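Please read the points below with the model open beside you.

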Amino acid sequence: MTPPAEPDVSPHLRGESSAERQSHGSGQARAEAVVDLAAFRANVRRLAEVAGGAQLMVVVKAAGYGHGMLAVARAARAAGAQWLGVAVLEEALTLRAAGDSGRVLSWLAVPGESSADAIRADVDVTASSARQLGEIVADARALGVRARVQLKVDTGLSRNGCPPADWPDLTAAARLAERAGQVAVTGVWSHLACADEPDHPANDEQQRAFERALHVAARAGLDPEVRHLANSPGTLTRAPAHYDLVRPGLACYGLSPVPDLADPAALGLRPAMTVRTRLAAVRRVAEGTGVSYGHTHVTARATTLGLVPLGYGDGIPVAASNAGQVQVGSDRCPVVGRVCMDQLVVDLGPGSTATAGDEVVLFGPGDRGEPTAQDWARWTGTIAYEVVTRLGGRITRTYTGEDG
Ligand SMILES: *Cc1c(COP(=O)(O)O)cnc(C)c1O
């Protein structure tokens, strides 16, 4: 289908998928991820400001990095995102089914997976090979419409994207299909491998490779609407990589994509998600008490244990066993013993006055003394991306700051 003259920046999203349960504020949820949409919108505006004249694509794949795709998509549009980015076609179709009518780019499909529904829904789809382009052209011809397609070149990530050796053929084939009215090539893009290390030599090498690929595309006669390369760290640390559009994901959720260099506040960002629950039980135990499976922790003194009703079935890593911390009242309490499927145990301390039902904060923005998602990443040997994205469906997503 032909692109509209101007991207629709004020689409309205309706409804909520059943997979994306939402509750509003009674505090009765067993465990909830409270997403501050005002903070999310402020992060998006901050990234738009950093992007300068470049357009902004907010990446909402993987259930909005665990925050709930439709809610963050709506907030991203409200904050001015011209584009939403998703990995797979189902995600794009879920956005359309909820009423989003703005520009959406998807970039991951498998051979034989039909793009017809996405093309019909006016989604920009990605081709990384002549085979993929051929499938998109076949779908577009069958529908009798012009598909919007973006071409992805591999500039050094060695993951998805057309290898440079095949790029002249892909761009020539795309130009032919464009002249035949089967596709409109709306973008040429690539993805950075080491942008979280701004001084890594791969960044400059990738940018040079991207420049070469843009030349090849231009020689083939392509004149795409948008050329783009930068993810969150690229957006925040590499202005020359902004081109016509930036594609931040993590930073929109208020987490630092360069945690060794800057915390969110230093980047003008605020973590949007707080994960909290309540103590399911509290008990006094004697010195020498073995705790949880395998007794990997034995109390060194008489103390008070708190039972937290979250476990690896909810996305709390087993690696947090004897390593994570939570906030109960004003106290930091260590996770003791092994994290189980549905529960974990924390040491509240010998003098604790906590009682069953008290609030437990696993992580949040960090300004009330609670741990952050980045703390959990460090404690469990992973990245903040995984900490938020892996949170499971048993944790209710609750939204604050919806208005404004
Ligand atoms: C996930 C993803 C992004 C966003 O990356 P962040 O590091 O979260 O900003 C951008 N582009 C592509 C192709 C992606 O897969």
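1. Helices α3 and α4 make a right-handed crossing (left-handed if the near helix is turned anticlockwise from the far one by less than a right angle, right-handed if clockwise). The model is a predicted one, in which local features need pLDDT of at least 70 and side-chain atom pairs count only at pLDDT 80 or more, while totals for chains, interfaces and linings use all residues. Residues are numbered from 1 along each chain as its sequence is written, and side-chain values use heavy atoms, with hydrogens and water left out.

2. The axes of α3 (residues 69-78) and α4 (residues 89-97) come within 11 Å and cross at roughly 65°. Therefore α3 is roughly perpendicular to α4. Angles under 35 degrees count as roughly parallel, over 145 as roughly antiparallel, 65 to 115 as roughly perpendicular, and the rest as oblique. Axes are lines fitted to C-alpha atoms, for helices over the stretch in contact, and angles run from 0 to 180 degrees between N-to-C directions. Helices (H or I, at least four residues) and strands (E, at least two) are DSSP runs, numbered from the N terminus.

3. Which residues make the contact between α3 and α4? Met 69, Leu 70 and Ala 73 come from α3, and Glu 91, Thr 94 and Leu 95 from α4; contact means heavy atoms within 4.5 Å. Four of these residues are nonpolar, one is polar and one is charged. Ala, Val, Leu, Ile, Met, Phe, Trp, Tyr, Cys and Pro count as nonpolar, Asp, Glu, Lys and Arg as charged, and the others, Gly among them, as polar.

4. Helices α6 and α7 pack at about 15°, with axes 10 Å apart, so α6 is roughly parallel to α7. Their crossing is right-handed. On the α6 side the contact uses Ala 130, Leu 133 and Val 137, and on the α7 side Leu 170, Ala 173, Ala 174 and Ala 177. This contact has seven nonpolar residues, no polar and no charged.

5. Helix α7 (residues 167-179) also packs with α8 (residues 201-219): the axes come within 9 Å and cross at roughly 40°. The pair is therefore oblique, and the crossing is right-handed. Trp 167, Pro 168 and Thr 171 of α7 meet Ala 213, Val 216 and Ala 217 of α8. Five residues of this contact are nonpolar, one is polar and none is charged.

6. Three cavities of 30 Å³ or more are present. On a 1 Å grid over the protein atoms alone, a cavity is a set of points where a 1.4 Å probe fits but cannot get out, and a pocket is an open set with protein on both sides within 12 Å along at least five of seven lines; lining residues have an atom within 4 Å of a point. Grid points are joined across faces, edges and corners, and a volume is the space filled by probe spheres set on the points.

7. The largest cavity holds about 100 Å³ of space. Its lining has 14 residues, with Ala 109, Ser 115, Thr 126, Gln 132 and Ile 136 nearest the centre. Helix α6 gives the most to this lining, four residues. The lining divides into seven nonpolar, four polar and three charged residues.

8. The largest pocket has a volume of about 720 Å³. Of its 34 lining residues, Lys 61, Arg 159, His 191, Asn 231 and Tyr 385 lie nearest the centre. The lining comprises 20 nonpolar, nine polar and five charged residues.
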